[in-house]
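Look over the sequence and the fold first.

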Amino acid sequence: MSGHRAIIAGAGIGGLTAAVALQRLGYEVEVYERAAELRPVGSGLAFTCNALTALRSAGIHLDLERTARRWNALTFKTRRGRPIRTIHYQHFVERFGVPMLAVHRADIQSSLLAQLDGSPVSYGATVTGYARDGAGVRVTFSNGMESRGDLLVGADGFHSAVRRQVVGPEQPRDGGYICWLATPTFAHPVVTPGYAAHYWGRGERFGLADIGGGRVYWWGTKNMPPDRARDWKGDKAEIARTYAGWAPEIGAVIAATPEDGIINVPAQDRPFGERWGDGPVTLLGDAAHPMMTSLGQGANMAIEDGVVLARCLADAPDVESGLRRYEDARRPRTRAMVEASLALSRVEQLDSPIGTLLRRLYFRFVPESTLDARNALALDFEGAAR
């Protein structure tokens, strides 16, 4: 593949993983990102065993443990902080030989950028479309620039311009709630090293996790009409009112968060699609299979995508057959994650008294073996690849 050129639309976690993996395969790589610069903004995430296993299988070792936090358990609590159930992950860590990390997204992006060996990353470059150009592809940008390559990877997120051309017009699927996200500096007696908890209310949830370096990642959800979630005009005071009377650490972390440090996004995904590619063009991450956040697997699936893409191109007779092989390999696993995330999202956002009672009873008494089997489906990258 030496001398082949790959154009990557998007410098998110999935796009950068693909860029590093393809560069190590011998591709010349160009990455184009719509943002004007890479800034340390965004949310935290659970960096799970499957993503780390995928990266290590490609020889990509990110120096994250200096800033990230290892975590081995997730506790579900009532809105007032009473435990419902703790799910333990240490046996998965031992089984797969990689840790579970809670980390800021920007730290992963920075670590992946450090792995790129001289490949250019162009900022303020929004992809608007592409056209077949012989055996390759010509990509156009909003600033009038063009670039030509042997393949184009659309890793340009939920509102992907590459997806729009591959798939055609479509509407997102609304979840009927809003998500608030923040990563402030915060200390509290409850938030011990490796702390990770989800608090469940009626039509409202809250998550709080230690991500290392004195920072935490928190997120909150609240049911509301989709049009209001898409165009939320509220403020930090509304968020604080939403969680008034919840566990003390929740009110404290909201109070400690600067208002301009809170991100709000509507809960959305898309019905799973079978079409990911068009000749020398393919999709990756949220551009290919956007999912609800409930399983925390969106970024992890994007990392897997990047690694599998390089694997499939490594021994393919030509670019297009390698891309179709990648798409065929990834569809069953990502479809399962999209559908499971949507199903769990609906359960988590229940707002009826009977529904929330049944949810609590189920999670309290469901056998550990059942939960382990479901978690293993997500965490076993090599098993899924086989």
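## Strand pairing and burial

Ile178 has Lys222 as its bridge partner in S16. The model is a predicted one. Six bridges join S13 and S16, and the pairing is antiparallel. S13 covers residues 173–182. S16 covers residues 215–223. S13 also pairs with S17 (residues 263–269), again antiparallel and over six bridges. There, Trp180 faces Asn264 of S17. So much for this group of strands.

Another set of pairings involves S7, residues 101–104. S3 (residues 44–47) runs antiparallel to S7 and is joined to it by four bridges. Arg69 stands opposite Ala102 of S7.

The table sets out the pairings.

| Strand pair | Sense | Bridges |
|---|---|---|
| S3 and S7 | antiparallel | four |
| S13 and S17 | antiparallel | six |
| S13 and S16 | antiparallel | six |

Is S7 covered on one face or on both? Side chains in a regular strand alternate between the two faces of the sheet. In S7, Leu101 and Val103 lie on one side, and Ala102 and His104 on the other. All four are buried, and both faces of S7 are covered.

## The whole chain

The protein chain holds 13 helices and 18 strands. Its radius of gyration is 21 Å, close to the 21 Å that the globule rule gives for 386 residues, so the chain is as compact as a globular protein of that length. The C-alpha trace spans about 65 × 45 × 35 Å along its principal axes. Of the 386 residues, 54% are buried. Among contacts with a separation of 6 or more, 73% join residues 24 or more positions apart.

The accessible surface of the chain comes to about 16000 Å². Carbon and sulfur atoms contribute 52% of that surface. The chain carries 45 positive and 42 negative charges, and their mean positions are 6 Å apart.

H4 takes in residues 105–115. Which residues of H4 are buried? They are Ala106, Asp107, Ile108, Gln109, Ser111 and Leu112. Their cover includes H1, S3, S7 and S16.

Thr17 sits in H1 (residues 13–25). Thr17 has a relative accessible area of 0%, so it is buried. Leu112 is one of the buried residues of H4. The C-alpha atoms of Thr17 and Leu112 are separated by 6.7 Å, though the two residues are 95 residues apart along the chain.

## Arg359 in H11

Is Arg359 buried or exposed? Arg359 belongs to H11 (residues 353–365). Its relative accessibility is 6%, so Arg359 counts as buried, the cut-off being under 20%. Leaving out neighbours within four places in sequence, Arg359 is in contact with Trp200, Gly201, Val347, Glu348, Gln349 and Leu350. Pro271 is 88 residues from Arg359 along the chain, and their C-alpha atoms are separated by 25 Å.

Conventions
Residues numbered from 1 in each chain as written. Predicted model: local features only at pLDDT ≥ 70, side-chain atom pairs only at ≥ 80, totals over all residues. Heavy atoms only, no water. Helix = DSSP H or I, 4+ residues; strand = E, 2+ residues; numbered from the N terminus. Rg over C-alpha atoms; globule rule 2.2 N^0.38 Å. Buried < 20%, exposed > 50% of the residue type's maximum accessible area, 1.4 Å probe, protein only. Contact = heavy atoms within 4.5 Å. Areas by Shrake-Rupley, 256 points an atom, 1.4 Å probe, with all protein chains shown as cover. Lys, Arg positive; Asp, Glu negative; His and termini not counted. Charge placed at Lys NZ, Arg CZ, Asp CG, Glu CD. Pairing = 2+ DSSP bridges.
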